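User: Please take a close look at a single part of this chain and describe what surrounds it. Which residues and elements meet there, and how?

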Amino acid sequence: MNIITVGLDGKGKVTFQSHAHTDHFAQGRIIYATLPTIHLSHLRNSRFYSPVEFGKRFYIDDYRAKLYPSGHILGSAGIKIWLDEGTLYYTGDIKLERLRTPERTKIPRADFLIIEATFGVPKFRFPKPKIVEKEIIGIVEEKLDKGEIPMFMANPFGKAQELIRILNIHGYEVRVDRIIGKVSRVYRKFGARLKISEDGEVVVSSRRGIQVSGFSRIKLSNHADFWELIEIVERVKPEKVFTVYGHAEQFAKILRGLGYKAEVYKGPMLRLDGEGL
Ligand SMILES: [Zn+2]
């Protein structure tokens, strides 16, 4: 039995944190993360982080490792680790379709894959982000024509900034609440062009308005839908897949049906030789 003791978005002596959403906050003496993830995490967490650049080789608990952008929010990363048994790639939260504010996703080859399965069943098929943009702008125009103030509700860490960028590109100035303003300042520090104004004609709020999420009617999601997840697995070409989060159980079952060795990830201990699959 082979066990990896590096923490992945969890507890470990040394850990990796994939991005700045609180359900992925890591605990450890050293937490490796990208610089944007560290800046965003410091808005809510004061733990000790060690910055790592995308694509640069580093060592995590004596294992060689490299980070790849995962296109979920600014700074979000997957990690590839070179283990004795082969290479392991952990996606964190990931989006394959290109969004406007996160870095462009890169998918490495690996022998073992740990993949998120938030939307890991076939009923989740999201329209292309450009189609959802048109839908959002349509709502804005309709509301403004009626003399109403268009107001959208979005996760303040990432989704709100994506929405602001979309609205800006279509010529709208945007008003936001305090937390979205704070996070947007970090985005701007890393080069995102976000125009926020006190008297913007459209409101993006973390608490109220028309919801924008993979689970709501306006499906601007920063997660891969089921079909993107399948494409990620195909690109990684793993010997074995471990699924995590959301529909992990069902997604593993579907992958087994497609001929992959697949089981639910029960981290932080990882058995790479899983008998009987
Ligand atoms: Zn996330």
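Apart from its neighbours within four places in sequence, Glu-228 is in contact with Lys-95, Leu-96, Glu-97, Phe-126 and His-223 (contact means heavy atoms within 4.5 Å). The model is predicted, so local features need pLDDT of at least 70 and side-chain atom pairs count only at pLDDT 80 or more, while totals for chains, interfaces and linings use all residues. Residues are numbered from 1 along each chain as its sequence is written, and side-chain values use heavy atoms, with hydrogens and water left out.

Glu-228 lies in helix H5 (helices are DSSP runs of H or I with at least four residues, strands are runs of E with at least two, both numbered from the N terminus). With a relative accessible area of 7%, Glu-228 is buried (buried is under 20%, exposed over 50%, partly exposed in between, with a 1.4 Å probe and protein chains only).

H5 covers residues 226-236, and its axis comes within 12 Å of the axis of helix H6, residues 248-257, with a crossing of roughly 55 degrees (axes are lines fitted to C-alpha atoms, for helices over the stretch in contact, and angles run from 0 to 180 degrees between N-to-C directions). That angle makes H5 oblique to H6 (under 35 degrees is roughly parallel, over 145 roughly antiparallel, 65 to 115 roughly perpendicular, and the rest oblique). On the H5 side, Phe-226, Leu-229, Ile-230 and Val-233 make the contact, and on the H6 side Phe-251, Ile-254 and Leu-255 do. By class, this contact has seven nonpolar, no polar and no charged residues (nonpolar: Ala, Val, Leu, Ile, Met, Phe, Trp, Tyr, Cys and Pro; charged: Asp, Glu, Lys and Arg; polar: the others, Gly among them).

Tyr-32 is buried at 13% relative accessibility, and Phe-58 is buried at 10%.

Phe-119 and Phe-215 form another tilted pair, 4.6 Å centre to centre with 40 degrees between the planes. Phe-119 is in the loop between strand S9 (112-116) and helix H2 (129-145), and Phe-215 is in the loop between strand S13 (210-211) and H5, so the pair links parts of the chain 96 residues apart. Phe-119 is buried at 1% relative accessibility, whereas Phe-215 is exposed at 60%. Ring pairs join Phe-119, Phe-124, Phe-126 and Phe-215 into a cluster. Phe-126 is also among the contacts of Glu-228.

Strand S13 holds Gln-211, which is partly exposed at 41% relative accessibility. Leaving aside its neighbours within four places in sequence, Gln-211 is in contact with Met-153, Ser-216 and Ile-218. Its C-alpha atom is separated by 9.2 Å from that of Asn-155, 56 residues apart along the chain.

Notes:
Phe/Tyr/Trp six-rings, centres within 6.5 Å; stacked < 30°, edge-to-face > 60°.
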